[in-house]
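Try each task before reading its solution.

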Amino acid sequence: MLINDNFYMKLAIDEAWKYQLLTYPNPAVGCVVVKDGEILSIEAHKEAGMPHAEVNALKAAYLKKHTKDDIKLKKTSHEIHEYLLKNHNNFFNDCEVYVTLEPCNHIGKTPSCAFLLKELNPQRVIIAHEDTNKQASGGIETLKSVNIDVSLGCMKKEAYELLYPFIKWNKGSFIFYKMAQTLNGCIDGKVSSKMAQLYIHTLRDKIDLMLIGGNTVRIDKPILDARYIAGRAPNVMIYSKNKIFDKNIPLFSVPNREVIISDDLFKLLDYKFIMIEGIYNLMEILKERIDYIVLLVSPKIRNGVNALNKIDIDFEIVHENYIGSEKIVYLKRINNL
């Protein structure tokens with residue numbers, strides 16, 4: 001195996017994908033710190049408002065060599081920044097920092113990662129993709145201003161695919177279709193494991209809107225909340241021409257939730273981050289609006305509802321991972337803007 005910049009950057013990209021979509025409205029970002037050829041840390045940004053990937057990686061790297069240091073008690077970005085600035089003792093001078101996105105150059109809910117790296121003065125900073133957010137960009141220039149060796153473009157295409165949802169929801173709306181199926185494509189009944197259900201409830205806690213078909217609501221009578229993680233139940237749009245529903249269906253009784261019943265898909269443009277839950281009939285109706293499919297594949301074969309023969313949509317696989325025993329596949333619609 002060739003150990004080069006691509007090797008380390010792939011570790012950072014793969015780590016970031018573990019938190020894809022869960023960092024909304026922030027992008028998913030990964031970071032790796034290497035010192036004298038030794039990998040000290042592989043970290044990612046995990047949730048908006050929490051430390052960025054670089055901060056998590058720098059803290060973990062420092063702890064790798066200072067196992068009993070007080071930095072282990074520091075949790076917030078501000079605490080970690082302040083501690084490293086006072087106690088780094090040039091530890092990072094011979095380090096290489098690999099990050100999937102240009103370090104942020106502004107102070108928002110968290111301090112600037114570019115300013116922190118500028119003071120820690122690593123030997124090299126290798127960046128996969130420049131920041132597309134004008135408010136946060138400029139980190140490269142900040143690093144170069146103190147003569148840090150900066151490389152840009154390592155695995156840029158792969159980093160772009162990681163960044164793509166962030167780009168979409170910043171320009172307008174990002175819409176993904178969540179599906180769970182068995183190996184033979186069965187999509188009804190109890191398909192997903194408890195671990196996969198926890199993941200879906202975590203997604204529900206993050207989205208702006210969930211879209212579901214009217215027939216699914218009438219037949220399944222779902223609640224569509226995020227109770228497995230004690231999270232926020234999303235607002236729901238029921239796509240249906242028939243506006244009459246039994247209001248005893250659990251989703252209607254969830255507190256602090258708006259339920260829209262409509263067949264006007266232009267309403268989706270009012271939201272930035274939208275998850276669709278449904279089967280193939282709804283996918284056929286919405287196929288021109290879907291950016292991603294997030295597909296959970298359970299390693300079993302069951303008898304049940306399968307694909308409709310008339311569906312014809314092309315996707316490319318942009319990433320694959322596992323949640324316990326189940327495979328999660330991220331598919332991007334081809335010819336999407």
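Helices here are DSSP runs of H or I with at least four residues, numbered from the N terminus. Keep in mind that this is a predicted model.

**Exercise 1.** Find the helix that holds His81, and decide whether His81 is buried or exposed.

Solution. 
- Step 1: Go to residues 77-87. They form helix α3, and His81 is in it.
- Step 2: Take the cut-off. Buried means under 20% relative accessible area.
- Step 3: Compare. His81 has 6% relative accessibility, so His81 counts as buried.
- Step 4: List the contacts, skipping residues up to four places away in sequence. His81 touches Val55, Pro111, Ser112, Cys113 and Leu116.

**Exercise 2.** Describe the largest nonpolar core, then pick out the partners of Leu58.

Solution. 
- Step 1: Size the core. The largest one has 85 residues.
- Step 2: Name the residues with the most contacts inside it. These are Met9, Leu58, Leu84, Phe92, Phe176 and Tyr199.
- Step 3: Turn to Leu58. Neighbours within four places in sequence aside, Leu58 contacts Val33, Leu84, Phe92, Val97, Leu116, Leu117 and Leu120.
- Step 4: Look beyond this core. Another core of 25 residues lies apart from it, with Ile187, Leu211, Tyr271 and Val329 among its members.

Methods: Residues are numbered from 1 along each chain as its sequence is written. This is a predicted model: local features need pLDDT of at least 70, side-chain atom pairs count only at pLDDT 80 or more; totals for chains, interfaces and linings use all residues. Side-chain values use heavy atoms; hydrogens and water are left out. A nonpolar core is a set of buried Ala, Val, Leu, Ile, Met, Phe, Trp, Tyr and Cys residues joined through side-chain atoms within 4.5 Å. Buried means under 20% relative accessible area, exposed over 50%, partly exposed in between (1.4 Å probe, protein chains only). Contact means heavy atoms within 4.5 Å. Helices (H or I, at least four residues) and strands (E, at least two) are DSSP runs, numbered from the N terminus.
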